[in-house]
Amino acid sequence: MGKWTRRGFIGAGVLTGGALVVGVAVRPDNPIGEVREDVASGPGEQLVNAWVKVDKDNTVTAIVPHCEMGQGAHTALAQMLADEMDADWSKVAVMQAPADGFYVVPDTAREFVAKWSVDAPNWLEPTYNGLFTKVARLADAMITGGSSSVRTTGQHTMRIAGAAARHMLVAAAADEWNVPASEIVASNSLLTHQPSGKTATYGDFAEAASKQHMPQTPPLKDVSQYKLMGRPLQRLDIPAKVNGSAKFGIDAQIAGQALKYAAIRQPPVPGAKIASVSSADAEKMAGVHKVLNLDDFVAVVADSYWQAQQALNAVETTYSKTDDDGLDSAGLYARFSKTLDDAGDSGGKSLRDDGDANDAFAKASKKVTAEYRVPFLAHAAMEPMNCTAWAQSDKCEVWTSTQVPLMARTAIAKALDLSKEDVIVNQLYLGGAFGRRLESDYPVQAARVSKAIGAPVKLIWSREEDTQHDFYRPADISRFSAGIDAAGKPVSWNNAFTQLNDPPGSWDVAHYDIPNVLVRHAKAGLHLRFGSLRSVDHSQQGFFIESFIDELAHAAGQDPFEYRRTLLAKSPRHKAVLERVAQMAGWGTAPAKGTARGIALVPSFGTIVAEVAQVTLENGVPRVTNVWCCADAGYVMNPDGFAAQMEGGINYGLSAALHSQVTLKDGAVEQANFDTFPVLRMNEAPDIAVDFINGNSRVLGGAGEPGLPPIAPAVTNAIFALTGKRIRELPILAHLA
């Protein structure tokens, strides 16, 4: 166990709303009595513990607290539980856990806020489980994000739940058969006592097992004992998505109720209110029931979404003024530049200050400076924001796609002046999220509209509303100055940027051997809402850092791969990943005429990823033909799912690198739909090869986000190698098309 750190104390305090909770032994029980009605009320179903139920027909169902948005978490988590349980994979199913405080994910807090607790000795594990469960419940921490499902809940909950269930089943059989538990073998969902020849299914002993004591620290398998973990098992959610039976948020219906539909319009400039509404023409249109002015948005309620949206188009609205009504993108970047000018060489909040970067820069043999920019980005989830809500006088129930069901519950309760217990959130599949559904604005809006009309309603945002009222990846400027010695090695690194969100340390270059490092955040204000977009700050910091490292390699007159390799001499895992991807891409061999390769390496969310992009020019337009990707996530639980996440991250990152940007005019977002906010098309997708290194099965990294950050710098570095033009501002095609 690591020592108690200041960060750990503060983190625990923050998560509990300021009440410092440390050193309190709170041992969790096994709350199957409280959750049984919600998760195992069917005939023949029996909860063994809160995370797994076994049916009479011997079906083992993993109850998963994380949502499924295409990332494969349901399968990977079930895989981890089933392996420790020695369950028959052909009879394993997954159930989405209900939005209930019993299903918070305390291990996410442990991983991100209090990492010192992750490697706790067994005797402290129950205490930490109890402590962080209590903290997580106070914080409504039932969250899917941060590439955390496998490395936190999977590693610290599902495996333990599976191993504990196996122990409880064996103990129940030992009692019934009156034999030592050590003589019973569990395998493929069967219990066997070979000396007596007795055998039974898990289903036969599920009820008796549920009455056994649940061990908090059951022995977990060594990697050499894995039967399911580490195998490319097929996704359990795919059949329903292929045959159309899967239910996404937008598919929600309420049994016995005829839904009404709502379309909404929000003020174009954040902070503005609805000043006036002229709706006489809209109210006469077919199917329209109501036009609502709810102060911060206008809603039209009709019999169908089409009718509601057509009527909304006929509604005239005016808005209150804001201080940012005249702001455009040029003005915003001017604000950023002034902030960095004012910060100078050492101003702003210091994030890392090793040695004396400015003095080393002054004495360096060669000096390199550069400024990079990235624009706002919208999430552009394929399924637009939507929520079905039925608000009644004393309760509210919603059906939606969300990454934070308990936070949505609390937000709805607050908006409707209800208690949390009076709000029910039904979680459905997510048609994409990328961090957008960490926000609860759309469920709250649906609940408010339902309350206003006194009937159940399905609220759906148009694509235009979705693009223009997102919680954006913030625009940013990052400035660098670095000095290199006579051998070309960097002796100083001074970096300042204007936007800081999450995760901590995304700006760091600790894996590179640079003796004098100064990194600063000079905060510049934003008026657009900003939030978490896939890989969060690594999205822009990866581009900044790996582009500038490439500039240093060029200034040193050295090969970009060899230059990085030399700087990674003290970071063997990073070096191994870099060397593997170079080998995959045939680095050092001459690419075909008219093509070039770029390389980049970014560690994020516990996973080290290196990528090589091969680029060619077609009529002056860059085309990414191939991407080679190598990752070290400690241990990959489902290689097929992991590779899919790397591929998804690369293609999502290519959209941003090549095409996407959100710009401002008169304080409002200019883009509205995919014609003005283009994303990568299928014919632009490169051939992608993914490999990974398994080294440490105890400390895992994430998969959903780490594939994204290296792709933009790998592409721009390839373009530099091909054309000599250094792209320092995204999207690329705005500068090279």
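The lining of the largest cavity consists of 4 nonpolar, 2 polar and 4 charged residues. In this classification Ala, Val, Leu, Ile, Met, Phe, Trp, Tyr, Cys and Pro count as nonpolar, Asp, Glu, Lys and Arg as charged, and the others, Gly among them, as polar. The model is predicted: local features need pLDDT of at least 70, side-chain atom pairs count only at pLDDT 80 or more, and totals for chains, interfaces and linings use all residues. Residues are numbered from 1 along each chain as its sequence is written, and side-chain values use heavy atoms, with hydrogens and water left out.

## Cavities

A search of the whole structure gives 2 cavities of 30 Å³ or more. A cavity is a set of points, on a 1 Å grid over the protein atoms alone, where a 1.4 Å probe fits but cannot get out; lining residues have an atom within 4 Å of a point. Grid points are joined across faces, edges and corners, and a volume is the space filled by probe spheres set on the points.

The largest cavity has a volume of about 50 Å³. Its lining is made up of Ala378, His379, Ala380, Ala381, Arg436, Arg463, Asp466, Thr467, Asp470 and Phe677.

The second largest cavity holds about 40 Å³ of space. Glu111, Val118, Arg151, Gln155, His156, Arg698, Val699 and Leu700 line this second cavity. By class, that lining has 3 nonpolar, 2 polar and 3 charged residues. Helix α6 (residues 149-177) supplies the largest share of it, 3 residues. Helices (H or I, at least four residues) and strands (E, at least two) are DSSP runs, numbered from the N terminus.

## Cysteines

The structure holds 0 disulfides, a disulfide being a pair of cysteine sulfur atoms within 2.5 Å. For Cys396, the nearest cysteine sulfur is that of Cys387, 7.8 Å away. Cys396 is buried at 2% relative accessibility; buried means under 20% relative accessible area, exposed over 50%, and partly exposed in between (1.4 Å probe, protein chains only). For Cys629, the nearest cysteine sulfur belongs to Cys630 and is 7.1 Å away. Cys629 is likewise buried, at 0% relative accessibility.

## Aromatic rings

There are 18 aromatic pairs in the structure. Rings of Phe, Tyr and Trp (its six-membered ring) pair if their centres lie within 6.5 Å; planes under 30 degrees apart count as stacked, over 60 as edge-to-face and the rest as tilted.

Trp177 and Phe205 make an edge-to-face pair, with 5.4 Å from centre to centre and 90° between the planes. Trp177 belongs to helix α6 and Phe205 to helix α7 (residues 202-210), so the pair ties together parts that are 28 residues apart in sequence. Trp177 is buried, with a relative accessible area of 11%, and Phe205 is buried, with 8%.

The pair of Phe248 and Tyr429 is tilted, because the ring centres are 5.7 Å apart and the planes stand at 45°. Phe248 sits in the loop between α8 (238-243) and β8 (260-265), and Tyr429 in the loop between β17 (423-427) and α14 (441-453), so this pair ties together parts that are 181 residues apart in sequence. Phe248 is partly exposed, with a relative accessible area of 22%.

One aromatic cluster is formed by Tyr372, Phe480, Trp493, Phe543, Phe544 and Phe548.

Two charges over rings are listed here. A charge sits over a ring if NZ of Lys or CZ of Arg is within 6 Å of the ring centre and within 35 degrees of the ring normal.

| Charged residue | Ring | Distance to ring centre |
|---|---|---|
| Lys367 | Phe361 | 5.7 Å |
| Arg529 | Phe471 | 3.8 Å |

## Backbone features

A cis peptide bond joins Asp502 and Pro503, with omega about 0°. Pro503 is in the loop between β20 (490-497) and β21 (517-521). The bond from Leu730 to Pro731 is also cis, with omega near 5°, and Pro731 lies in the segment after α20 (711-723).

Asp86, a residue other than glycine, has a positive phi near 60°. Asp86 lies in the loop between α3 (73-85) and β4 (92-96) and is buried, with a relative accessible area of 9%. Asn188 has a positive phi near 50°. This Asn188 lies in the loop between β5 (184-187) and β6 (190-193) and is partly exposed, at 49% relative accessible area.

Conventions
1 Å grid on protein atoms, 1.4 Å probe; cavity = no way out; pocket = protein on both sides within 12 Å on 5 of 7 lines; lining within 4 Å.
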